[in-house]
Amino acid sequence: MSSTYTASITAPVNIATLKYWGKRDTSLNLPTNSSISVTLDQADLKTTTSAMASADFTKDRLWLNGEEDLQLSQSKRLTQVLSSLKEKRRLREAKDESLEKISSWFVHIVSVNNFPTAAGLASSAAGFAALVVCIAKLFELDDDMTELSKIARQGSGSACRSLFGGFVAWEMGSLADGSDSKAVEVCPLNHWPEMKACVLVACADKKDVSSTSGMQLTVKTSDLFQKRIDEVVPERFEQMKKSIHDKNFALFAELTMKDSNSFHATCLDSYPPIFYMNDTSKKIVKLVHLINAFYNETIVAYTFDAGPNAVLYYLEQNELKLMSFIYAMFKDLNGWETKYSTEELNKFISNYDSLKLQELSLDMEIVKGCTRVILTRVGPGPLTIKESLINEHGFPK
Ligand code: DP6
């Protein structure tokens, strides 16, 4: 084989606390509102991507979790993302004669998730973020993450937020060409490293409409939606950023829960209505409010994306308080454990008013409706790795 260039990186999943829902431009993926998210730790959820460019390759190809994905390789989203990155490289080559003209070569991309794609977690966000950062590295582009986020956004809107760690905002922008619709850091990971997340993976029969078509239906048919984008979100965006700067968990949690409810309300207000939350999701909402009432303090917040899974945000110092409930319910589910022993958890909860506890009458149906518990925390943005998923011939190892 003639000379090749390779790069490998990992990228995180992000879960929005202020939801992106609605596009004002479907081809450039420009949103109708700004959004905010927390980047989750790659130790638990990540996409790893390697890319190779070679003059010998005859087309751009992509392998996802071991299988070649012809549909995605030929999709408009992927070709748009790749051609934007190749264009950036071409401009560099035009300025610097010493650079090899790899912008005209084809690339092979190999990508794997360390979590089941079927779990319905934000895999497209981590996937497109990984792809953009990996190819940018391959092409030795000197653009910063905000600049690259505009390209990732065209792959999948939420992907632009996975280019940063910690707490991230996607500023919607107002220009028609999308040049001001970009991700920025609200606060880095080390500003509030105590932020933790507990993902309750709910059994999904079949996913309702995809986010892409769901949001189009909402934009077209929901009356609530207009109020959400004109009044509710702009105010909440500023309040939520402040709650993160101030490390005000009670406010952050309240805004997060209200925004999840507002987003799902616009789904229900679409015509015909879209249901992403199922009965288990609704029971989890109730449980979270009961837990907060039990402690007389907001220690946990829920949020739901375009599916029934719950993501619960809480602070490390309240882990024992939350786990006393979560572990009591889910201890028989395999594949996870808390750092506390059963005795510790039981003893902890028995210190509380037993009458109040009885009143709670935990709805154990929630347990039947969930398949997995994932405990994770706020994490860093994309990371460069040495190990490659591609062999010397340009194929998955
Ligand atoms: C509910 O980013 O998956 O998770 O831009 O069409 O690819 P496309 O949509 P996508 O939508 C995510 C919607 C959400 C909210 C959020 O992540 O902000």
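In the predicted model, the exposed residues Ser213 and Lys220 lie on the face of helix H5 that is turned away from its buried side. Within this helix, which spans residues 211-221, the residues Ser211, Gly214, Met215 and Thr218 are buried. Because these four residues cover an arc of only 95 degrees around the helix axis, they fall on the same side of H5. The packing partners of the buried residues of H5 are strand E3 (23-25), helix H6 (223-245) and helix H7 (249-268).

The chain as a whole contains twelve helices and 16 strands. Its radius of gyration is 22 Å, close to the 21 Å given by the globule rule for 397 residues, and the chain is therefore as compact as a globular protein of that length. Taken along the principal axes, the box filled by the C-alpha atoms of the chain is roughly 75 × 45 × 40 Å. Of the 397 residues, 45% count as buried. When contacts between residues at least 6 apart in sequence are considered, 75% of them join residues that are at least 24 apart.

The domain assignment divides the chain into domain 1 (4-188) and domain 2 (195-377), and the C-alpha centres of domain 1 and domain 2 are 28 Å apart. To the contact between them, domain 1 gives 24 residues, whereas domain 2 gives 32 residues. On the side of domain 1 that touches domain 2, the elements that supply two or more residues are strand E2 (14-18), strand E5 (35-39), strand E10 (167-171) and strand E11 (182-187); of these, E2 gives the most, with three residues. By class, the residues on this side of domain 1 comprise 14 nonpolar, six polar and four charged.

The ligand is surrounded by 14 residues, the closest of which are Ala16, Tyr20, Ser156, Gly157 and Ser158. Both domains take part in this shell, with at least three residues drawn from each of domain 1 (4-188) and domain 2 (195-377). In its composition, the shell around the ligand has eight polar residues, together with four nonpolar and two charged residues.

Conventions
Residues numbered from 1 in each chain as written. Predicted model: local features only at pLDDT ≥ 70, side-chain atom pairs only at ≥ 80, totals over all residues. Near = placed C-beta within 6 Å. Nonpolar A, V, L, I, M, F, W, Y, C, P; charged D, E, K, R; others polar. Domains from an automatic or database assignment. Contact = placed C-beta atoms within 7 Å. Buried ≥ 20, exposed ≤ 12 C-beta atoms within 10 Å, placed from the backbone. Arc of directions from axis to C-beta. Rg over C-alpha atoms; globule rule 2.2 N^0.38 Å.
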